Amino acid sequence: MTEEIQQHGNAKPISLDEQFQPVNWQENRQYFAKQIKIFPKRVRGFFRTIKWWFMAVLLGIYYFLPWLRWDRGPLAPDQAVLFDIGSRRFYFFGIEIWPQEVYYLVGILVASAWGLFFVTSLIGRAWCAWGCPQTVWTDLFVMVERWVEGDRNARIKLDKAPYDFDKIRKRVTKHILWILIAMCTGGAWTFYFMDAPTLAAQLMAFEAPSAALYTIVILTSTTYLLAGFAREQVCTYMCPYSRFQSAMIDKDTYIIAYRGDRGEPRAKKPKDDNYSNRGHCIDCTQCVAVCPMGIDIRNGMQIECINCGLCADACNNVMEKVGLPKNLIGFDSLANVERRSKGEPEVTKILRVRTVFYAAILVLMSVVMMFSLANQQQTDLNVLKDRNPVMVTQSDGSVRNGYVLKIMNKLHQPQEFHISLTGLPGSEMWLAGKDEHVSQHLDVTVAPNQVEDFRVFVLLPKDQIAFERKEIAFIVQNPSSGETVSEKNIFVAKHTNPRNLYGRK
Ligand code: SF4
Ligand code: SF4
C-alpha cells in the first residue's frame with residue numbers, strides 16, 4: 001500500500017566507489033523531480049534515543065541561551081551570549097570580541113569546519129544525522145505531526161481521505177503548532193542580538209524595533225517552510241554538504257549500511273525459521289518505513305542518506321522479534337564488507353592519513369585559538385600619520401610631524417595610559433591643544449569600552465636632523481595592568497616625495 005508513497009522517487013543507489021566519481025549533472029537531472037510525500041514511522045532504539053537527546057539539548061541551548069546572564073560590571077551588557085550590533089561587539093560569556101578581532105570568529109568557523117571534516121571521515125554524516133538545524137527542526141515538526149495526526153499508517157490514510165471536519169481539525173491544529181514553533185524559533189534568534197528580557201517586553205507591548213520584527217517574520221516563514229514542507233528536499237537538493245561529503249569519506253569510514261553479505265538473498269520470513277540457504281533480510285520494509293529520507297538502505301550508499309541510523313533501529317527490532325542476531329543494518333565500512341566477502345576478519349582503521357590530517361589541523365587550530373583567546377589584549381593601538389602636511393618646519397628649524405593615536409580600552413572601567421616614543425632620540429611630543437605640556441611621555445585616559453583618538457605632535461630639534469625619514473614606534477602602556485602595545489610609523493625630517501613616504505618607489 002505504501003511503497004509508492006514512501007519510496008523516494010529520486011533514490012538512485014550510488015556505491016561508495018561511484019561517490020568518488022565526478023557528478024554527471026546530465027545523468028542526474030532527475031534530481032529536480034516532484035517531491036514525493038514521506039510518512040516516516042515512529043521507531044524506538046539506540047539511534048532514535050541519541051537523536052532525541054541531541055534534539056533536546058540543541059533546542060534547549062538555542063531557546064534558552066539568550067536568557068542566561070553573565071556579570072560584566074555596570075558598564076557592559078549582562079547577557080551571556082550577545083551579538084551587540086549597536087556597540088559592534090560579540091559577547092560570549094567571559095570572551096568579548098571587537099570588530100577589529102573578527103579573525104577570532106573566522107578562526108572558530110574554520111576550526112568547526114575541520115572538526116566536521118574529522119567526524120565525517122570517521123563516522124560519515126553525523127552532523128546531518130544529529131546536529132544540523134534542518135534535521136533537528138524537521139524532527140520536531142514530524143514529532144508534532146505524529147502527535148496530532150497519528151503514526152505513519154494513520155497519516156497516509158488521512159492524507160488520502162477527503163477533507164471533512166476531522167481532517168480539517170487535525171490539519172489546522174498541526175499548522176498552528178508548527179507556526180507557533182516557527183515563531184518561537186524566529187523570536188529566539190532576535191534575542192541573540194538584543195537584551196532578551198528588554199526585547200521580550202518590547203514585543204509584548206508591540207514596541208519592538210522594526211528590524212527585530214522583520215527578522216522574526218523571515219525566520220518564522222523559513223522555519224515553517226523548510227521544516228514543515230521542504231524537509232528532506234533541503235538535504236538532497238539545497239545543502240551543498242551532501243554533495244561534497246564524499247571528499248571526506250573513504251572505504252574505512254563507518255557509515256550506516258546494510259550488510260548485504262548477510263542479508264541477501266532476501267525473502268519473506270520462513271515458516272520453519274530455517275535461514276540456512278538464504279539471507280537474514282525478511283523483506284519487511286520496516287527500514288524503509290522509518291527512513292526520514294524515504295530511501296531503501298538496502299540499495300547501497302545513497303546521496304540522500306543522512307546516516308541517522310533509524311533504519312538500523314527498525315531492523316534491530318525486527319531481528320529481535322524473529323530471533324536473529326542484530327546489526328543487519330548498522331555502522332559498517334566498505335573495506336570490512338570486502339574483507340568479509342573474502343573471509344577475512346574485520347579491521348577498524350581509525351588512524352588513516354585523512355583522519356590524522358584532519359585531527360592534526362583541528363588540534364593545531366584549537367590550540368592557537370585557545371592560546372590567543374587566553375592572551376587576548378585589553379588594549380589596542382593604531383597610529384595614523386598626517387599626510388597633508390607630512391611635516392612642518394618651524395621658524396627655529398626644528399621639524400614637527402603629526403599623528404593620530406587610536407587607543408582602544410576594552411575594559412569596563414576608565415584606564416590611564418602612558419604614551420612614549422622610541423627611535424627618535426632628542427624628540428619631544430605633546431597632545432594637540434596642549435602645547436605647554438611638551439614632554440617625552442604623555443598620559444591619557446580612555447573611557448571604558450571605547451576607542452579614543454589622540455592627536456599627537458612630535459618635534460625634532462634642528463641639530464638632530466641628519467636623515468630624511470626614520471622609523472619610530474609609539475608605545476602605549478597601561479600601568480595598572482602592565483599591558484603594553486606598540487605600533488611602528490615613520491618620522492619625516494626633510495621634504496620628500498609623498499609617493500616615497502612609506503618607502504614606495
Ligand atoms: S537510510 Fe537509514 S540512515 Fe539513511 S537516512 Fe534513511 S533511516 Fe537514516
Ligand atoms: S528492516 Fe531489516 S529485515 Fe526488514 S527489510 Fe529492512 S533490512 Fe530487511
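Analyst: **A buried arginine and the salt bridges elsewhere**

Arginine 278 is buried (under 20% relative accessible area, where over 50% is exposed and anything in between is partly exposed, using a 1.4 Å probe and protein chains only) but has no salt bridge. A salt bridge here is a side-chain nitrogen of Lys or Arg within 4 Å of a carboxyl oxygen of Asp or Glu. The nearest side chain of opposite charge belongs to aspartate 272, 7.6 Å away; Lys and Arg count as positive, Asp and Glu as negative, while His and the chain ends are not counted.

Before going on, please keep in mind that this is a predicted model, in which local features need pLDDT of at least 70 and side-chain atom pairs count only at pLDDT 80 or more, while totals for chains, interfaces and linings use all residues. Residues are numbered from 1 along each chain as its sequence is written, chains are lettered from A and ligands numbered from 1 in the order in which they are written, and side-chain values use heavy atoms, leaving out hydrogens and water.

Where does arginine 278 sit? Its place is the loop between α13 (260-263) and α14 (286-289); helices (H or I, at least four residues) and strands (E, at least two) are DSSP runs, numbered from the N terminus. The side chain of arginine 278 reaches two backbone oxygens: that of alanine 267 at 2.8 Å, and that of cysteine 281, also at 2.8 Å. Leaving aside residues up to four places away in sequence, arginine 278 touches Pro265, Arg266, Ala267, Lys268, Lys269 and Pro270, where contact means heavy atoms within 4.5 Å.

Now for the charged pairs. The whole structure holds 33 salt bridges. One of them joins glutamate 149 to lysine 174, with the closest N and O atoms 3.3 Å apart. Glutamate 149 lies in helix α6 (residues 133-149) and lysine 174 in helix α8 (residues 165-191), so this pair ties together parts that are 25 residues apart in sequence. Glutamate 149 counts as buried at 4% relative accessibility, and lysine 174 is buried too, at 5%. Both belong to a network of salt bridges that also includes Lys37, Glu145 and Arg146.

Another pair is aspartate 250 with arginine 352, whose closest N and O atoms are 3.0 Å apart. This pair links distant parts of the chain, 102 residues apart: aspartate 250 is in the loop between α12 (241-244) and β4 (255-258), and arginine 352 in the loop between α16 (334-341) and α17 (353-374). Aspartate 250 and arginine 352 are both buried.

Back in the loop between α13 and α14, aspartate 283 forms a salt bridge with arginine 298, at 2.7 Å between the closest N and O atoms. Arginine 298 is in the loop between α14 and α15 (310-322), 15 residues apart from its partner. Aspartate 283 is partly exposed at 23% relative accessibility, whereas arginine 298 is buried at 11%.

Finally, the chain is divided into domain 1 (39-247) and domain 2 (379-500), with bounds that come from an automatic or database domain assignment. Eight residues of domain 1 are in contact with eight residues of domain 2. One salt bridge is counted between domain 1 and domain 2.

Conventions:
A polar contact is a pair of N or O atoms within 3.5 Å; within protein, one must be able to donate a hydrogen and the other to accept it, and residues adjacent in sequence count only if both atoms are side-chain atoms.
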